[in-house]
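This report describes selected backbone features of one model. Please consult the sequence and structure shown below.

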Amino acid sequence: MSLFIAILGLAFLILVHEAGHFFASLAVGLRPRRFYIGFPPAIAKTTRKGIEYAIGAIPLGGFVTIPGMHRPIPHDAERRFSRAVEDAPVLGGSVDRVKRSLEGDDLTSAEHAVDDFEEALREQSVSPVARASAEKGIIELRDALGADAYWKAPTWKRLVAIGAGPVANIALAIVLFTFLFMTVAGQATRTVETVAPELATGVASPAQSVGLQAGDRIVAIDGKPVKADEIAATIGDSGGKKLTLTVRRDGEELTLGPVAPQLVDDRYRLGFGLEGAGLGFFPAFGHAVKVTGIVSKEIVKSLGRLVTGSGRNEVSSPIGITRASSDAVERGADSYLWVLGLISLSLALLNLLPLLPLDGGHILFTLIEGARGRFLRREIYERVSMVGLAVVLLLFFVGLSNDIGKLS
């Protein structure tokens with residue numbers, strides 16, 4: 001069940017990302033053609049105002065089709081219409097007119113030529129595969145030649161449509177963090193909420209070994225009274241020296257220990273968690289924004305370390321991410337929401353990398369084209385996309401090898 005919830009959470013993050021693209025595109029007049037919850041084949045779909053809404057059979061995220069992402073070129077017609085021409089050579093003349101119009105950058109003539117090809121295709125007998133390819137090509141070319149094509153839009157509209165996906169994930173992370181700061185993570189109390197059974201495999205946690213219990217209220221460490229926000233720092237700064245805890249339990253004061261904290265993730269810990277008290281909305285929102293900034297900075301640093309070769313072990317694949325999410329589910333809703341927010345933030349920053357076909361790559365190329373005042377050749381897009389795909393696949397396999405190593 002925890003694994004199922006973790007997978008649904010990841011699918012939800014992807015869906016939020018695509019919804020950002022969808023609604024932003026609608027807002028700036030770049031009308032999407034399809035919005036899928038899940039991936040094809042569709043198990044239910046409907047078309048409203050020219051947009052196909054569907055629920056896919058594969059319930060992992062979703063996708064949005066924005067018309068005319070790239071300026072059309074003659075190869076688009078060749079790629080989609082060649083099979084139909086092989087079956088019915090008489091269509092070759094119509095296809096040549098489409099290609100010549102695109103080659104000469106005569107977009108109006110290209111639209112008319114596509115119409116002529118469609119009419120000629122209706123009269124010919126071609127294989128189902130050839131017809132399906134040709135019909136898909138007609139739709140793609142009309143989208144690319146239409147007034148609401150993405151590549152024709154002003155620079156600011158393109159930036160809004162593409163940037164909205166990562167922004168939606170960042171906004172979701174802030175919403176989740178704000179909720180947590182308003183409920184359980186705003187400020188610490190002195191009341192123990194959880195006691196970890198162990199911090200190292202096979203070894204009881206220090207807190208467990210001295211009999212600390214959930215509900216105990218910590219009043220002093222080594223005989224010195226402590227405030228709620230001083231407890232973690234006092235233990236962390238102990239240097240591993242044995243400590244005693246004075247706690248109030250059922251109206252009585254008890255002294256537990258002495259016991260030595262264990263060094264875990266470069267910090268000394270006893271192995272317990274404190275109850276949290278919520279903040280008001282505005283303080284919680286402020287804390288959420290601050291945490292988002294801190295985490296984003298650390299994620300960018302980790303990407304920088306990856307470039308230098310020292311951050312390889314920090315990369316994780318969907319397997320590792322799902323596993324971490326599943327573990328968080330088992331620790332409780334609060335932990336899961338924290339992890340979900342962190343993954344949402346990571347997804348946003350990964351997509352902002354200046355690599356095609358990631359959103360960051362489209363943003364970079366849009367800015368370059370806006371500054372130049374003219375479009376980059378399609379060949380440049382395709383070559384850079386091959387490099388970007390190679391980098392993304394490399395990251396995936398590095399993360400996969402890390403996760404498999406952890407499982408073994």
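In which loop is K49 found? K49 is placed in the loop between β1 (34–48) and β2 (51–65). Helices (H or I, at least four residues) and strands (E, at least two) are DSSP runs, numbered from the N terminus.

The model is predicted: local features need pLDDT of at least 70, side-chain atom pairs count only at pLDDT 80 or more, and totals for chains, interfaces and linings use all residues. Residues are numbered from 1 along each chain as its sequence is written, and side-chain values use heavy atoms, with hydrogens and water left out.

**Positive phi**

K49 is a residue other than glycine, and its phi is positive, near 50°. D250, which is not a glycine, has a positive phi of about 55°. The loop that holds D250 runs between β8 (243–249) and β9. K49 counts as exposed because its relative accessibility is 74%; exposed means over 50% relative accessible area (1.4 Å probe, protein chains only). D250 likewise counts as exposed, because its relative accessibility is 78%.

| Cis peptide bond | Omega |
|---|---|
| G257 and P258 | about 10° |
| L356 and P357 | about 10° |

Where does P258 lie? Strand β9 (residues 252–259) contains P258. P357, by contrast, is located in the loop between α11 (333–351) and α12 (359–372).

Technical notes: Buried means under 20% relative accessible area, exposed over 50%, partly exposed in between (1.4 Å probe, protein chains only).
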